[in-house]
Amino acid sequence: MASKVGSKDLVESRSSKTPPNSAGSKETSGTGVKPKLGKPSDRLNPKTVDHFSSRSLSAFASLYINGGVPCRLVHGSVKHKLVWDQSPESLPFDPVFVTLAEGLRETVHPYTLVSCMGFKEILESPNACKKAAPLLPKVVPPLRAALSHANNEVFERGLSALCHLSEAVGPALNPHLKNLLMALSKRMMDKKYKDSVTDALQLLEKNGGKDALLSIKTKVPTYSSIFG
C-alpha cells in the first residue's frame with residue numbers, strides 16, 4: 001500500500017512542474033533568450049523611431065541631409081535663422097535656387113522653413129535678378145505646384161515665394177504668369193485668402209506693368225487695377 005502512495009506522490013510531483021518549453025515559459029523556444037519587450041513610449045521617441053528613413057524622404061530632404069543644400073537652420077529662442085556655408089551671392093543659382101523652389105512643397109520641419117527662408121534670402125542677394133531670371137522655366141513649375149497644393153501652409157509659402165520672386169525679377173515673370181494665375185484664381189474664392197491673393201496680384205501688376213495686368217485680368221476677371 002505504501003508503494004502505491006509513493007508512486008502517486010511521485011506522479012503528482014512531476015505533473016506540477018512546468019516543462020521548460022511549454023507555452024507558459026518566458027524563454028524563447030530553442031534560444032533560451034527572453035524576448036525584449038519595448039516600452040510604449042518608444043513609439044513616440046524620435047531616437048527610436050526613424051521618421052526620415054530613405055524610403056520616405058523627398059528629393060529635397062535627401063539633398064538637405066546629404067549637404068546638397070548649402071545652408072542650415074539654426075533654432076533660436078525667439079526665431080530661427082539660416083546659416084549659409086558661403087554667401088548666397090557667391091552660390092550657383094543653378095542648382096541651388098531651383099532646389100529651394102522645389103522644396104516649397106515640403107510639409108515636414110525643418111525642410112519647410114529651410115526652403116522658404118532660403119528662397120527669400122537668395123533672391124535678396126546682390127544681382128539676384130540677372131541670375132534668377134534665366135532660371136524661371138525651371139522655378140515656375142515647382143512654384144505652381146506649391147500654389148496648387150491642398151495643404152494651406154504650403155500654399156501660403158508658395159504665395160510668399162511668388163511675391164519675393166516678383167520683387168526680384170519684375171517684368172521677367174510676365175511670360176510665366178499664365179502658369180501661376182489659375183491657382184491664385186481658385187484661392188480667391190476662399191474668403192480666408194481673398195485679401196492676401198489680391199495683395200499678391202497687385203504686387204505682380206506693380207512689378208510687371210500693363211502686360212502683367214492683361215494676364216491677371218484674363219485669369220481673374222474680377223481683379224481691379226491698382227492704377228484705376
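A: Contact means heavy atoms within 4.5 Å. In the protein chain, residues 24 or more positions apart account for 62% of the contacts with a separation of 6 or more. This is a predicted model, in which local features need pLDDT of at least 70 and side-chain atom pairs count only at pLDDT 80 or more, while totals for chains, interfaces and linings use all residues. Residues are numbered from 1 along each chain as its sequence is written, and side-chain values use heavy atoms, with hydrogens and water left out.

Q: Which elements make up the protein chain, and in what order do they run?

A: Helices (H or I, at least four residues) and strands (E, at least two) are DSSP runs, numbered from the N terminus. Here there are nine helices and two strands, and their order from the N terminus is α-α-β-β-α-α-α-α-α-α-α.

Q: How is burial read, and is helix H8 mostly covered or mostly open?

A: A residue is buried under 20% relative accessible area, exposed over 50% and partly exposed in between (1.4 Å probe, protein chains only). By this criterion, 34% of the 228 residues of the protein chain are buried. Helix H8 (residues 181-188) is mostly covered, with six of its eight residues buried: Leu-181, Ala-183, Leu-184, Ser-185, Arg-187 and Met-188. Their cover includes helix H6 (136-147), helix H7 (152-169) and helix H9 (194-219).

Q: What span does H6 reach, and which of its residues are buried?

A: The expected span of a helix is 1.5 Å times one less than its number of residues. With 12 residues, H6 reaches 16 Å from its first C-alpha to its last, close to the 16 Å expected. An α-helix has 3.6 residues a turn, so residues three or four places apart point the same way. The buried residues of H6 are Leu-136, Val-139, Val-140, Pro-142, Leu-143, Ala-146 and Leu-147. They pack against helix H3 (93-102), helix H4 (111-123), helix H5 (128-132), H7 and H8.

Q: Which residues touch the most other members of the largest nonpolar core?

A: In soluble globular proteins, nonpolar side chains tend to be buried together. A nonpolar core is a set of buried Ala, Val, Leu, Ile, Met, Phe, Trp, Tyr and Cys residues joined through side-chain atoms within 4.5 Å. Of the 55 residues in the largest such core, Phe-97, Phe-119, Leu-165, Leu-173, Leu-184 and Leu-201 touch the most other members. H7 gives the most to this core, with eight residues. Leaving aside neighbours within four places in sequence, the contacts of Leu-165 include Phe-97, Phe-119, Leu-136, Val-139, Leu-143 and Leu-173.

Q: Is Cys-163 buried or partly exposed?

A: Cys-163 lies in helix H7 and counts as partly exposed because its relative accessibility is 21%. Not counting residues up to four places away in sequence, Cys-163 touches Ala-200 and Leu-203. The C-alpha atoms of Cys-163 and Leu-201, 38 residues apart along the chain, are separated by 8.9 Å.

Q: And where is Cys-129 found?

A: Cys-129 is in helix H5. Cys-129 counts as partly exposed because its relative accessibility is 35%. Beyond its neighbours within four places in sequence, Cys-129 is in contact with Pro-134, Ala-168 and Val-169.
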